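Visitor: I have this one open and would like to go through it piece by piece. Where shall we start?

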Amino acid sequence: MALIVGIDLGTTNSLVAYMAGDGPQVISGTRGQAKVPSIVGLTDNGLLVGDPAKEYLVRDPSRTIYSVKRFMGKAIADVAEELKYFPYALQEKGGVIRIQVGEKTYSPPQISAMILKELKLRAEAHLGEEITKAVITVPAYFNDSQRQATKDAGLIAGLEVLRIINEPTAASLAYGLQQNTQGCVAVYDLGGGTFDISILKLKDGIFEVLATNGNTHLGGDDFDRRLVDEVIRDIDTRHGVKVEDSPELMQMVRLEAEKTKIRLSDEPQALMVFSLPDGKGTYERTWSRDEFEALVLDLVEHTMTPCRRALSDAGLETGQIDEVVLVGGSTRMPVIRSRVQELFGKTPHCDLNPDEVVALGAAVQAGILAGENKDMLLLDVTPLSLGIETMGNVVSILIRRNTTIPTSAKEMFTTYVDGQTGVDIHVLQGERELVKDNRSLARFQLKLPPLPAAVPRVEVTFLIDANGILNVTASDIRTGESQSVQVKPSYGLTDDEVETMIRESFQFAAEDIKARQVIEARTEADAIIMATEKALQRGTDLIPAEEIESIHHAIEALRVAKAQEDHRQIRAGIADMEKVTHHLAEVLMDATLKEALESKKLSEVTD
């Protein structure tokens, strides 16, 4: 089976990993660096990604895009509060953010795809084979549109995204916590630009997100900034140099502050030394860990409040947390580790590199999908979409393929003809638009009382449990009557058959959609013709003869259009019908109201 990689597509840095024998391993670049900064520079001389783009950021911020993950699956209104943090221009097109660079605009998935391509190239250079499949991680709080945007980025980068998994779940997988049968896990994730806390419930190897919280503008960069501000004041006092007046010196101070912070995670003291411009001498100062921790203590406390809120939202006390996992390079700071341990009353897992733990977990999941870890539980997804047959032999999808299970979905349906005494529920699996091109899983019937068309309300519920068993229930909302069936969607399907069904859905997409559009238009035309003929029987004496004749002409024209294979002609016929019957509908509505009022008056007199 083709090798599947695990990717941590981060706000600040991204990584790629794979299963090397029995364990996951992060793939480093040619210079030994594991992290690829999630930065893209769109220069006049070409595309820069990662470290080169990070260096270019100082020279031309308007053409260098960073933190694009914040915009995935969002509109401008969703990020209005965050715009002040970014030097590049944003637009909106079709409800989607577009990032303007020069004369061109790019969507967040396009920019993310550039980062993913860099990771793909890195993996291919290391492994010596083409990489086409990946597992990509996202924050637990990402909604459907953000997850879909991440999948789209993978597709643009030439990757088939087999699974989107939550970052805290990936971190838990990296530590093998899924081998426990049950318990609650807190994942404390302090990255370069964001802080997230997730509370997970682990039962029978399945991770359920109970609560998430955090701060999207609190991360390692803020800790660096505290040190930077102190150094700027110190240089001004001791050397009379205004760091803010020199972009190059400011960048130097930032880099040195970051290095000092990192050294103080391992050593009690760190020497900061660098030359000042214009022969102003050398700045030199030894920082102690205590000094640094005093500068950032309030930032550490700012992460504790979301932790308490997440626990409260999950309905848990700190004593009910069984495991604590640390994620993100900033969790190397001893003050963070001790404060987290103090809050949760547990020694946190920090044996693995916190920068790499999410990517390592994604690689574990990739290994499970590739069949390399036979003993480990597969956190499964639906391999193909699931739905039911609706009028005109078309499929109405309730659960899309690649949805993580367990999951459920509900949709409301109704009847098409008067006096219908039952509905056939035909459960289907596949990616095509028409019933005939999909796999039939089950059929059952729900009885209904005879009522006019469109009056009954039938709620269809799909529920897939952790074992991949699909339960389909149809309920009559008016009577409470229900019927159900249980099937296993994956039973009897090989991987090749699933692949074929997905491939055909792309291959025949255009003609499938065209066929569906024609069927849906014809179904709507039939319904309108039927309703209009019924209305004419009631309204013959209420409208002029020439209007009745116009309506008959429109009915005939719609029947002619309905025989065509162009849904636009049918839709045009429907629109014409709606225009000529507008007055008839108003007249019938007035007559119905008058009848109702007279009936009410008669009832009052009788009483």
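Guide: Start at Q100, which stands opposite T105 in β10. This is a predicted model, where local features need pLDDT of at least 70 and side-chain atom pairs count only at pLDDT 80 or more, while totals for chains, interfaces and linings use all residues. Residues are numbered from 1 along each chain as its sequence is written, and side-chain values use heavy atoms, with hydrogens and water left out.

Visitor: How many bridges join β9 to β10?

Guide: Three, between β9 (residues 96-101) and an antiparallel β10. Strands here are DSSP runs of E with at least two residues, helices are runs of H or I with at least four, and both are numbered from the N terminus. Two strands pair if DSSP finds at least two bridges between them.

Visitor: And what is the strand order of that open sheet?

Guide: β8-β9-β10, with antiparallel pairing. At the edges are β8 (89-93) and β10 (104-106), each pairing on one side only. Neighbouring strands are turned by 40 degrees against each other on average, direction ignored.

Visitor: What packs on it?

Guide: Helix α2, which touches β9 and β10 and makes about 80 degrees with the direction of β10. Contact means heavy atoms within 4.5 Å. Axes are lines fitted to C-alpha atoms, for helices over the stretch in contact, and angles run from 0 to 180 degrees between N-to-C directions.

Visitor: Now the sheet with β5. What is its order?

Guide: β6-β5-β7, an open antiparallel sheet of three strands. β6 (46-49) and β7 (64-66) each have a single partner strand, so one side of each is left without a neighbour in the sheet. The twist averages 15 degrees from one strand to the next.

Visitor: Which residue is the bridge partner of I39 in β7?

Guide: Y66. β5 (residues 39-43) pairs with β7 over three bridges. Helix α2 (residues 108-127) packs on this sheet, touching β5, β6 and β7, at about 105 degrees to the direction of β5.

Visitor: Switching to cores. Which residues touch the most other members of the largest one?

Guide: Y188 and F344, in a nonpolar core of 47 residues. Such a core is a set of buried Ala, Val, Leu, Ile, Met, Phe, Trp, Tyr and Cys residues joined through side-chain atoms within 4.5 Å. Buried is under 20% relative accessible area, exposed is over 50%, and partly exposed is in between (1.4 Å probe, protein chains only).

Visitor: Which helix gives the most to this core?

Guide: α7 (residues 289-314), with nine residues. Domain 1 (4-218 + 303-379) and domain 2 (220-300) both contribute, so the core lies between them. The domain bounds come from an automatic or database domain assignment.

Visitor: What does Y188 contact?

Guide: Leaving aside neighbours within four places in sequence, its contacts include F195, T303, M304, C307, V325 and V340. Apart from this core lies another, of 42 residues, among them V5, Y106, A113 and A157.

Visitor: What are the remaining domains?

Guide: Domain 3 (384-491) and domain 4 (513-606). The C-alpha centres of domain 2 and domain 4 lie 77 Å apart.

Visitor: Last one, L428: buried or exposed?

Guide: Buried, with a relative accessible area of 1%. L428 is in strand β22 (residues 422-429). Beyond four places in sequence, its contacts include L386, I388, V395 and V435.
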